[in-house]
Amino acid sequence: MTENSNPDILYTIVDEAPELASASFLPIIRKFAAAADVSVGTKDISLAGRIISTFPEKLSPEQRQSDDLAELGELVKTPDANVIKLPNVSASVPQLVAAIEELQALGYDIPSYPEEPTTDAEKDARARYDGLKGSAVNPVLREGNSDRRAARAVKNYAQNNPHSMGAWTGDSKTKVSSMTDGDFYANEKAATITAAQAGDAKIEFVAKDGAVTVLKDGWMLEAGTIADATFMSAAALSAFLAEAIEDTKADGTMFSLHLKATMMKVSDPIIFGHAVKAWLAPVFDKFGAEMEALGVNANSGMGDLLDRVAGNADIMAAIKAVTAERPAMYMVDSDKGITNLHVPSDVIIDASMPAVIRAGGKGWDAAGNKGDTNCVIPDRCYATIYDEAINFFKANGALDVTTAGSVANVGLMAQKAEEYGSHPTTFEAPADGTIRVVLANGEILHSQDVEAGDIWRACTAKQAPIENWIELALDRQRLTGSEAIFWLDENRAHDAELIKYVKPALEAAGKADLFQIMAPREATAQSLKTITAGKDSIAITGNVLRDYLTDLFPILELGTSAKMLSIVKLMKGGGLFETGAGGSAPKHVQQLVEQNHLRWDSMGEFCALGESLKFLADSKGNAKAGVLGAAAEVATQGILDNNKSPSRKVGEPDNRDSHYWFARYWAEALAAQDDDADLAAEFAPIAKALADGEEAILAELAAVQGPAADIGGYYRPSAELKAKVMRPSATLNAIIG
């Protein structure tokens, strides 16, 4: 599936709906790019592809494939990088297991995922699989900081064609509940590494009897790096969750838990498991040993638990009895009985919380009824942004999309900055004791007393990415003149260290008066006030807030985050162009398989393509690529102006229709431009053929909708079947090739 040439642009092979859409869109891109001597290759960073490349030992030569993620990781450190990155699966354990089982069924001889490894082989397999969990792709590819904003054409369309917004009332009971002590916020320590402290550090666990276990060795800490350490108390978490359940019941609202068990691949699944245990506390108290014998792991969610205990009538009866006493549960899919606690990857905070807020604070219960919800976000670090947004809309009503301004984002994420709870420096305390960071010079940087089950995590932000982030913020403010806010809390240890970089840099640039520094709660209130007045703001944030805010504000402003322009200015001079969020992709695939209708919107791909081509023109001096890029922007505007985006309903235009219209508008723009006569001449007949074939093409696309579609797999669909489903128009295919 991968290609090993050295193309001008690399388009990533990913997962789910974005990858299905690529089967239709990539042939169009290649057809048009070839006219400018631009080659477009692919690299496979899909979950299935990464699994295959990780376990080549028993695979046939035909089955094996290269480690494309590692290759891309090296490419993005060069000036030649020009990568269009689509959303990929950040796998939770259930998703990883499902992908493994699908590959095994397809004949791939790879090991099963060992839940509790005992042999050396199982431990080796588990270690390799753990490297694939969560946000395993983005830290490798993001060798630059993020510039994410709504393209002007997209923003104009949203204002002229406002999406639905739920009504907010002052008496709404919807709220955010968070821990007041014992969380990551409360326990955080941070320091900036000096030259004398730099080198390979260790993370150690010291038991009560003095025995030392090295949890992480060779943790390189460079001079100028901000190094954090914090932990969440398991006892405090359990007490908080029990209280939140009772509080929800007293309020008469729905219980909903909002985490990121994909990006925070170590910490948040554990927190999720605590919530499952809290919800079913009487069941675990009575049947804990039996459930353990059945292989129950609460971290995998209620769905897996119910499957494992289904044959035990006593446990099932106990679960039913407890559920009857609990408050209503926020549902992922009421029709199918999929609850908020079903699978850890089903409710991702950066998508789920904006959905609740956009809906006027409403969620859906098991009967499909709308109601207020208690949004449980245990750690306070970023929960305040959602709490403040809810308070703002209770007081002021829903955002007026037709007049609202926009919040852009400059995000610190280069070189794995702020990868909280998601990488090999997050641990569950094995017993009571102390976890400490020991520097190369023997100094103890951080030391924290923990109890068994506490979740301890450390992370870093390096000096060069921080300085680059500040420069990018200065540049974006200069270009836009917008309000600019560094979302940093001086009372939080990590943020206080960042502020030590930010203030001197702003003063040295003579621009301190153009920027504000605010804690996330205050910054949320200020930004909402600004966009309500029809003005724009730039949120300058760390990595996790970047992730959250680039869903929150676009979902409120545009109705979706998939249409955002996302540019990563790589620190070595290359470009990484991201194409939006993939949070709703699983439902899209389900609809395609059931009804042969793909509602995935490729607007993010359209925007990224234009930017990639313009970047290629500037970096390689390819003027024709610049003409292609400018025409792609015209085509993007045409999709919006003429309402050619996909519909959600079967029988109406879908993703494939939008690709036809994009190709047509792109060809027409190229035929009409006068910057390159050769391109105009080449695309004039293509534009005419696409216009003349409109009736036949749209009829052929419409004819396939309704019946089920076979793509040969979820995580590893068949290339042939995928192409057959996504390119059903013989007329269009004859034109595109």
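Trainee: Which residues is F427 in contact with, leaving aside its neighbours within four places in sequence?

Mentor: This is a predicted model. Contact here means heavy atoms within 4.5 Å. Once neighbours within four places in sequence are set aside, the partners of F427 are I203, L215, K216, D454, I455 and W456.

Trainee: Is F427 buried or exposed?

Mentor: F427 sits in strand β17. Its relative accessibility is 16%. The cut-off for buried is under 20%, so F427 counts as buried.

Trainee: How many Å apart in space are F427 and R142, C-alpha to C-alpha?

Mentor: In sequence, F427 and R142 are 285 residues apart. In space, C-alpha to C-alpha, the value is 24 Å.

Trainee: Where does E418 lie?

Mentor: E418 is not a glycine, yet it has a positive phi of about 55 degrees. Strand β16 covers 407–411 and strand β17 covers 426–428. E418 lies in the loop between β16 and β17.

Trainee: Which helix holds E16?

Mentor: E16 has a positive phi of about 55 degrees, although it is not a glycine. The helix in question spans residues 16–34. That places E16 in helix α1.

Trainee: Is E16 buried or exposed?

Mentor: The relative accessible area of E16 is 10%. Under 20% is the cut-off, so E16 is buried.

Notes: Residues numbered from 1 in each chain as written. Predicted model: local features only at pLDDT ≥ 70, side-chain atom pairs only at ≥ 80, totals over all residues. Heavy atoms only, no water. Helix = DSSP H or I, 4+ residues; strand = E, 2+ residues; numbered from the N terminus. Buried < 20%, exposed > 50% of the residue type's maximum accessible area, 1.4 Å probe, protein only.
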